[in-house]
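Take a look at the fold below.

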Amino acid sequence: MSKKKKSVTTPDHLKARIKSLQTRLRDANLDGLLVSNPVDIRYLSGFVGDDSWLLVRSRSSIVHILSDFRFDEQIANEAPHAKAIMRKTTLSKELKKLVDKCKLEKIGMQQDDLTIAQSKTITKELGRSCVKAIDDGLLIQRAVKDKTEVKPILKALDIQQEAFKRICEYIEPGMTEYQIAAYLEYQMRSLGADGTSFPSIVAADANASLPHAIPGKKKVRKGGIILIDWGAKLGGYCSDLTRVIAIGKMPARIKEIYQICLDAQMAAIDAIKPGIKLSDVDAVARDIITKAGYGKQFGHSLGHGIGLDIHEQPVLASRAQGVLEPGHIVTVEPGIYLPGIGGVRIEDDVEVTARGKKVLSDLPKTLESTII
Ligand SMILES: [Mn+2]
């Protein structure tokens with residue numbers, strides 16, 4: 001149960017995140033923000049549970065977590081600096097009490113993370129005039145990683161790359177996509193991952209033309225290909241890579257698109273630097289693939305930010321607005337998909353630095369290296 005605890009100082013990186021958010025809130029003329037997205041709650045407080053809300057005030061460094069009995073001990077461990085309120089009634093009623101106590105006039109909500117029913121209840125409790133919805137400034141803020149965020153991503157990459165090396169030793173003709181995915185995920189957990197960043201994609205031969213193929217009973221074969229898109233999660237942070245391997249020999253048509261895809265990927269990585277337009281990075285890869293005659297077979301965007309979520313800002317796409325900034329960590333993953341035949345996608349994770357970039361992953365990807 002809630003014991004009276006001494007106040008604990010907020011760790012510096014959390015302090016900086018809250019400060020940056022407070023600036024955005026004051027600019028938006030808000031007295032506070034009700035944070036309901038569990039990933040954002042983790043980002044701002046360290047608390048990993050769910051079914052809880054966090055209140056950030058524009059002019060006070062104290063953050064409140066509205067939660068319940070199940071998370072009492074967990075909050076004390078993970079977010080000892082936060083003021084925890086174990087609710088006795090509904091979350092919205094507790095929020096109303098807290099908002100009154102702190103004398104907050106206008107607070108923002110995270111519209112994208114509340115259900116319509118929740119928004120209605122909060123609006124009703126607080127009174128319509130109190131609540132002003134804002135666009136999610138946290139998405140923009142989370143795009144730029146601080147030092148504490150790069151480390152777990154690097155560790156996640158280490159784990160996923162080691163697991164990949166292990167499955168390359170393990171795979172034999174006749175195994176199913178299911179078996180390979182299970183072994184891969186088992187290895188990542190054994191190596192200390194929290195879990196996977198997303199359900200692994202293991203796609204044999206023609207299945208590889210589906211960008212989001214779901215592993216199934218299909219067997220891998222000698223002379224065939226396997227597309228693997230997988231990621232590890234560590235300390236909440238996601239990594240994300242894709243490789244294509246071939247058992248013994250790669251079919252000629254796949255070889256052709258593999259080389260085009262690799263050229264496009266390496267050129268796009270090369271172009272990455274602070275200040276470059278997101279759409280321009282996408283264009284570098286897309287132009288190469290289009291000139292080779294496969295523009296229509298590359299139907300998705302080039303890459304996305306990774307972090308506490310597997311898909312974050314910024315997005316490397318032709319329609320994206322904005323530029324790359326130091327601290328962004330993005331995937332670069334062009335693909336070429338030939339229905340009925342197969343597909344290729346090559347994906348690495350790249351950090352934008354003050355001077356240029358750092359490629360964080362280093363699994364081999366030359367055409368020769370694809371043969372197992
Ligand atoms: Mn990806």
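In the chain, 66% of the contacts with a separation of 6 or more join residues 24 or more positions apart. Two residues are in contact if their C-beta atoms, placed from the backbone, lie within 7 Å. This is a predicted model: local features need pLDDT of at least 70, side-chain atom pairs count only at pLDDT 80 or more, and totals for chains, interfaces and linings use all residues. Residues are numbered from 1 along each chain as its sequence is written.

The chain holds 10 helices and 18 strands. These are DSSP runs, numbered from the N terminus (helices: H or I, at least four residues; strands: E, at least two). Of the 372 residues, 45% are buried, meaning that 20 or more other C-beta atoms, placed from the backbone, lie within 10 Å of the residue's own.

Along the principal axes, the C-alpha atoms fill a box of roughly 70 × 40 × 35 Å.

Now the domains. The assignment gives domain 1 (12-142) and domain 2 (144-370); such bounds come from an automatic or database domain assignment. The C-alpha centres of domain 1 and domain 2 lie 35 Å apart. Nine residues from domain 1 and eight residues from domain 2 form the contact. On the domain 1 side, helix H1 (12-27), helix H2 (38-45) and helix H6 (137-143) each supply at least two residues.

Definitions and conventions:
A residue is buried if 20 or more other C-beta atoms lie within 10 Å of its own, exposed if 12 or fewer, and partly exposed in between; C-beta atoms are placed from the backbone.
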